[in-house]
Amino acid sequence: MLKMSTLLLRTLRDDPADAEVASHRLLVRAGYVRRIAAGIYSWLPLGYITYRNIEKIVREEMDAAGFQEVHFPAMLPKEPYEKTNRWDEYGDDLFRLQDRRKNDYLLGPTHEEMFTLMVKGEYSSYKDLPLSIYQIQTKFRDETRPRSGIIRGREFVMKDSYSFDLDDEGLAISYEKHRAAYIKTFTRLGLKFNIVSAVSGAMGGSRSEEFLAPCSTGEDTYVLCEKCGYAANVEAMVTKVAPYSGSTPSAPEVFDSPNTPTIDTLVELLNTKFGPGHKGSDTLKNVMLMADKKAISVLVPGDREVDLKRLQANMPGVKEIRVFEDADFAKFPGLVKGYIGPQDAKKNGIEVLADPRIVVGSHWITGANVKDQHVRFLTNGRDFAVDRYIEAAEVRAGDTCPECATPVIIDRAIEIGHIFQLGRKYAQALDLTVLDKDGKSRVVTMGSYGIGVSRAVAAIAEQTHDEIGLSWPREVAPADVHIIATGKEDEVFKTAQTLAEDLEEKGLRIMFDDRRDPSAGVKFKDSELIGIPFIVVVGKALAEGKVEFRIRKSGEKQEIELLKAVSAIYAAVTAS
RNA sequence: CGGGGCGUAGCGUAGUGGCUAGCGCGCUUGCUUUGGGAGCAAGAGACCGGGAGUUCGAAUCUCCCCGCCCCGACCA
């Protein structure tokens with residue numbers, strides 16, 4: 001039983017000045033966490049109980065799925081990470097340290113290497129596979145910008161699993177098992193979530209999905225089709241367009257277009273010059289970019305911007321993409337800033353990437369590569385060539401679903417889980433092989449699966465809180481029932497104490513506000529802030545032999561006969 | 001890393017060169033109060049983020065450093 005008279009807890013009346021998002025604000029105010037440094041937090045008793053409840057659910061679901069729990073150190077030697085090249089690739093995000101002999105160590109940001117080596121050390125036959133193992137571990141990433149309290153910290157707890165299979169079919173099965181286990185886990189945690197397609201990125205692998213918990217303060221943006229259920233991270237959103245069906249126009253026609261620095265001004269000129277009805281989407285925007293020192297041109301309809309994040313996600317292997325600067329233009333005298341068209345790209349030695357909307361046969365109004373001149377009827381396939389199609393244009397609400405062509409909606413969310421088929425990268429680099437039936441050595445294929453355990457505390461808080469405080473799902477809450485004794489008569493406190501003991505006897509987890517000094521109002525406010533799902537008030541109504549039963553979420557209140565209180569409360573709580 | 005903001009008691013804050021740094025919450029003691037963050041009285045608690053400088057005098061001005069928050073970039 002948690003007794004508030006002795007619980008290490010001080011709730012705050014004011015919002016902390018350094019907290020912006022709701023979960024952060026409330027977790028601090030309700031005395032769950034305290035900030036130690038940027039992105040580094042301590043857990044107070046209430047917070048740690050809540051955290052452990054979540055951890056327990058995650059662990060139970062992993063175990064139930066047949067995955068085995070292991071545990072690695074947080075502090076790791078450099079060597080395995082050098083073999084996979086991540087000692088360098090991870091860059092400044094890696095926390096590095098040295099021992100007294102000046103040997104290099106790191107604080108693990110993720111543990112692919114260690115898991116791979118563990119399996120390599122024990123197993124060497126196909127008969128040992130498949131295998132899925134996991135750990136719940138503190139990870140360290142020196143994020144350039146930790147933010148939103150415990151949503152993005154530099155030290156956080158992650159459950160990471162890895163599956164090991166002989167072949168792709170096996171990997172697909174392991175992947176499905178994890179997917180199913182994740183659905184159970186997040187459902188039990190009381191989270192609303194969407195499973196969305198994600199970009200596998202540089203790691204390769206054939207399939208990757210994210211579990212996103214919708215929430216306005218989330219950092220991820222995703223699209224959702226309410227009709228067919230298609231969901232994708234905007235980075236992975238696919239643009240589906242019909243082939244060009246119009247007629248092919250006559251030869252391109254160059255025209256004067258002074259003072260048209262923006263698409264809007266160009267459209268205005270077009271409407272004056274060639275009659276009304278021209279739209280930004282009739283024009284073609286040529287965005288010049290540098291991708292790891294290579295100049296590329298990205299073609300998008302004039303009414304859209306290039307989404308650099310999406311572009312990057314769809315260019316695996318490319319580390320840095322930035323917009324053209326004056327110095328870059330200087331290197332390409334054929335490019336007339338503000339009047340660039342794709343006609344001369346080949347001549348200028350520039351690769352042309354295009355949004356799928358720029359279909360073959362379609363014609364566009366775009367720059368003529370001459371100052372103050374544009375061209376119309378410039379036709380894809382005839383007047384210019386696209387080297388490669390790419391998803392790089394910004395995604396908007398109302399864009400069409402690639403599955404069923406319904407307009408999609410856009411929402412923000414917190415990434416709470418990520419599953420993906422890793423493939424053989426790590427097994428290859430660390431030489432994890434097994435002998436197959438024929439005695440031939442084969443590289444194992446892996447899957448990687450993560451749940452942000454500490455982040456889940458914040459995600460649940462984000463989705464469940466209201467104006468007055470936290471409001472946890474029962475299994476996550478630090479207790480099932482919050483019993484408040486009000487007034488000053490010993491009788492009230494004795495009755496409350498007995499009620500608490502009886503309910504605890506029945507297996508409920510109880511928090512008992514047995515403080516003598518604070519007024520009833522203070523205790524009510526605290527209980528609402530702390531967010532335990534059921535509140536029982538023993539006080540005024542006791543004179544009539546009653547106690548008050550409240551439901552935190554709905555605010556419903558009812559009086560219950562004291563004599564029936566234990567069974568009535570037990571029934572109400574366990575039915576929830 | 002670029003842009004913006006902030007740093008005064010456990011928390012929230014006032015204080016733009018002048019006396020002993022002010023207030024609210026919280027904390028301690030006493031009395032009163034007791035169903036929606038009670039009242040009165042008396043207390044404890046601050047090297048004003050750190051360092052250097054300007055000045056008769058610095059929380060306040062200057063320089064350097066450190067830390068924190070927000071937007072962006074970044075985030076297997």
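## Contacts with RNA strand B

A polar side-chain atom of Arg 29 sits 2.9 Å from a base oxygen of RNA strand B, a polar contact being a pair of N or O atoms within 3.5 Å; within protein, one atom must be able to donate a hydrogen and the other to accept it, and residues adjacent in sequence count only if both atoms are side-chain atoms. The model is predicted: local features need pLDDT of at least 70 and side-chain atom pairs count only at pLDDT 80 or more, whereas totals for chains, interfaces and linings use all residues. Residues are numbered from 1 along each chain as its sequence is written, chains are lettered from A and ligands numbered from 1 in the order in which they are written, and side-chain values use heavy atoms, with hydrogens and water left out.

| Residue and atom | Atom of RNA strand B | Distance |
|---|---|---|
| Arg 29, polar side-chain atom | base oxygen | 2.9 Å |
| Arg 145, polar side-chain atom | phosphate oxygen | 2.7 Å |
| Lys 540, polar backbone atom | base oxygen | 2.7 Å |

In total, 47 residues surround RNA strand B, and the closest are Arg 13, Arg 152, Glu 528, Glu 548 and Arg 550; a residue is near the strand if one of its heavy atoms lies within 4 Å of it. By class, this surface has 24 charged, 13 nonpolar and 10 polar residues. Here Ala, Val, Leu, Ile, Met, Phe, Trp, Tyr, Cys and Pro count as nonpolar, Asp, Glu, Lys and Arg as charged, and the others, Gly among them, as polar. On the RNA side, sugar or phosphate accounts for 46% of the atoms within 4 Å of the protein, and bases for the rest.

Strand E2 (33-37), helix H8 (308-313), helix H14 (520-530) and strand E29 (546-551) each supply at least two residues of the surface near RNA strand B. H14 gives the most, with seven residues. Helices (H or I, at least four residues) and strands (E, at least two) are DSSP runs numbered from the N terminus.

## Domains and backbone

Chain A is assigned domain 1 (45-71 + 112-237 + 410-462), domain 2 (253-389) and domain 3 (481-575). The C-alpha centres of domain 1 and domain 2 are separated by 39 Å. Across their interface the rule finds zero salt bridges (side-chain nitrogen of Lys or Arg within 4 Å of a carboxyl oxygen of Asp or Glu), but three residue pairs in polar contact, both at pLDDT 80 or more.

The peptide bond from Leu 129 to Pro 130 is cis, with omega near 0°; Pro 130 lies in the loop between helix H5 (112-122) and strand E8 (131-140).

Notes
Domains from an automatic or database assignment.
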